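Here are my notes on the model. Please read them with the structure open.

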Amino acid sequence: MKQYDVVVIGGGSAGLAAALEIKKQGIDHVLILERDAELGGILLQCIHNGFGLKVFKEELTGPEYAERFVQELLEMGIEYKLNSMVTKLNPDKTIEYANVNEGFVKISARAVVLAMGCYERNSGSISIPGNRPSGVLTAGSAQKYLNIDGYLVGKRVFILGSGDIGLIMARRMTLEGAKVLGVAEVLPFSGGLKRNIVQCLDDYDIPLYLSHTVTDIIGESKVEKIVISQVDNFVPIPGTEKTFEIDTLLLSVGLVPENSLSERCGIILDKKTKGPVVNESYQTNIEGIFACGNVLHVHDLVDFVTEESRKAGRSVVRYLNHELNATNNMINVLPKNGVSYLLPQEINLSNLVTPMDIFMRVNKEFKNAEIVISNGDTVIKRIKKKHLAPAEMEKFILKDVDLTGDMIDINVAIEVQS
Amino acid sequence: MIEKLICIACPMGCHLEVDVEDDYRVEGNQCNRGVLYAKKELTNPTRIVTSTVVIKGGIYRRLPVKTNGEVSKKLIFKVMEEINKVEVSSPIKCGDVIIKNVLNTNIDVVASRSM
């Protein structure tokens with residue numbers, strides 16, 4: 001059985017950044033396993049601009065962002081296998097994968113990086129009403145058809161869900177000559193970045209129906225019409241129905257970290273993020289298995305994925321160099337009032353490299369609020385925020401002075417200023 | 001007159017309040033890009049245009065392209081018409097000029113990946 005120092009599962013933005021960081025820190029035998037025909041992951045179909053402002057201090061498209069990492073990877077001579085599907089990850093850090101050239105192969109690694117990204121929720125995951133005609137597909141599928149294969153999937157389009165991919169596709173299909181009739185969002189606020197509401201919907205006069213959802217899909221073999229209704233706390237309000245004649249309904253209703261391999265391996269997942277529970281070193285409950293990027297929690301920006309994956313890569317190197325202390329004495333980072341999740345979920349103070357970024361999402365919109373971080377009853381810090389929204393990931397920094405040896409738990413809550 | 005804008009210069013999405021009469025004085029921005037964006041957005045709004053062109057002999061059938069600078073919002077659909085006329089052949093390198101000086105804007109349409 002072939003032995004590697006590190007096997008990275010997934011060659012998208014997270015896997016590329018982690019592998020590069022690990023190699024740069026002096027670890028030689030690194031392998032990336034990628035199931036697609038190219039490295040780069042979902043960036044390759046995200047042909048719009050807006051990537052890289054943080055990492056490269058310039059605005060790039062998705063393919064450009066990916067290409068910079070792939071170039072560097074080639075220059076550094078990092079080994080990778082394409083069209084290679086990992087079929088099983090075992091707790092002893094052996095990995096089984098398959099591809100056309102090698103057949104079924106089992107390899108072993110001293111450390112594993114989970115970088116499988118996420119998948120789109122589809123019509124099966126949102127109890128969508130009405131018939132099951134063709135013409136109902138996820139925004140990301142439509143994006144791949146259009147940007148990679150050159151097929152416009154429809155001419156009269158409605159979009160359910162205001163996630164960023166849906167907003168990006170509203171603009172993209174409009175530019176290619178489709179008529180996008182509207183976007184319905186069941187929540188009273190958008191699930192996408194505000195800049196995408198402006199530059200993808202407002203720029204093209206595409207209406208956004210907040211607190212609305214699709215209540216009927218009509219059509220035999222092909223979708224013909226949809227009905228949307230206003231909702232009150234998810235319940236459709238009778239008499240508010242609007243009908244649209246369409247040939248395509250795109251779904252942009254959320255992303256879920258892709259953890260089928262992790263789950264079968266016995267890795268504990270967080271109920272909220274749907275990604276592994278990790279500590280300050282991005283290590284999962286199984287020693288030597290680390291996670292970063294969208295497999296861990298869904299990020300707003302690839303730049304954040306890159307930064308997180310570089311940090312995870314440095315932790316992998318510390319682990320291989322026996323610099324990470326194992327301990328059961330963990331501080332829990334706990335979401336309280338107004339907070340949906342925090343990441344990492346656990347901190348081992350003896351391994352903490354400060355300043356440490358803690359990522360979080362709120363569970364609803366807040367105005368003029370404070371993020372309150374406390375240790376037991378003692379407030380560590382308060383951070384004022386004019387706007388907080390679930391669609392926008394927040395982060396705060398823990399420094400040495402914030403931390404003491406006798407810490408119990410770190411609680412994070414949102415307080416609205418009166 | 002105060003205009004309210006959301007800055008699209010970066011993903012922060014700052015809520016800007018722009019005093020048009022006071023030489024587009026901006027509040028709510030977190031960096032200087034917000035000041036530049038506000039004035040431009042209220043006088044001559046511009047955008048980067050990204051799309052694809054047909055490519056022969058590549059691993060895929062479409063090559064992603066972008067304008068290498070912002071063009072006037074009014075020209076976006078005209079730029080798309082120009083982009084849709086183009087067909088290229090592999091190999092292409094990221095940054096290769098696909099359309100020089102599109103619609104006399106002094107902006108080029110360039111490949112946004114190698115293929």
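**Notes on a sheet and a helix pair**

1. E17(B) stands opposite E27(B) in β3(B). Strand β2 (residues 15–19) of chain B pairs with β3(B) in the antiparallel sense, over three bridges. Pairing here requires at least two DSSP bridges between the strands. Helices (H or I, at least four residues) and strands (E, at least two) are DSSP runs, numbered from the N terminus.

2. This is a predicted model: local features need pLDDT of at least 70, side-chain atom pairs count only at pLDDT 80 or more, and totals for chains, interfaces and linings use all residues; side-chain values use heavy atoms, without hydrogens and water. Residues are numbered from 1 along each chain as its sequence is written, while chains are lettered from A and ligands numbered from 1 in the order in which they are written.

3. The open sheet in chain B has three strands, ordered β1-β2-β3, with antiparallel pairing. Its edge strands are β1 (2–6) and β3 (25–27) of chain B; each pairs on one side only. The twist averages 30 degrees from one strand to the next.

4. Helix α1 (residues 32–43) of chain B packs on this sheet and touches β1, β2 and β3 of chain B (contact: heavy atoms within 4.5 Å). The direction of α1(B) makes about 115 degrees with that of β1(B). Axes are lines fitted to C-alpha atoms, for helices over the stretch in contact; angles run from 0 to 180 degrees between N-to-C directions.

5. In chain A, the axes of helix α3 (residues 139–149) and helix α4 (residues 164–175) come within 9 Å and cross at roughly 35 degrees. Residues of α3(A) in the contact include A139(A) and L146(A); those of α4(A) include I165(A) and R172(A).
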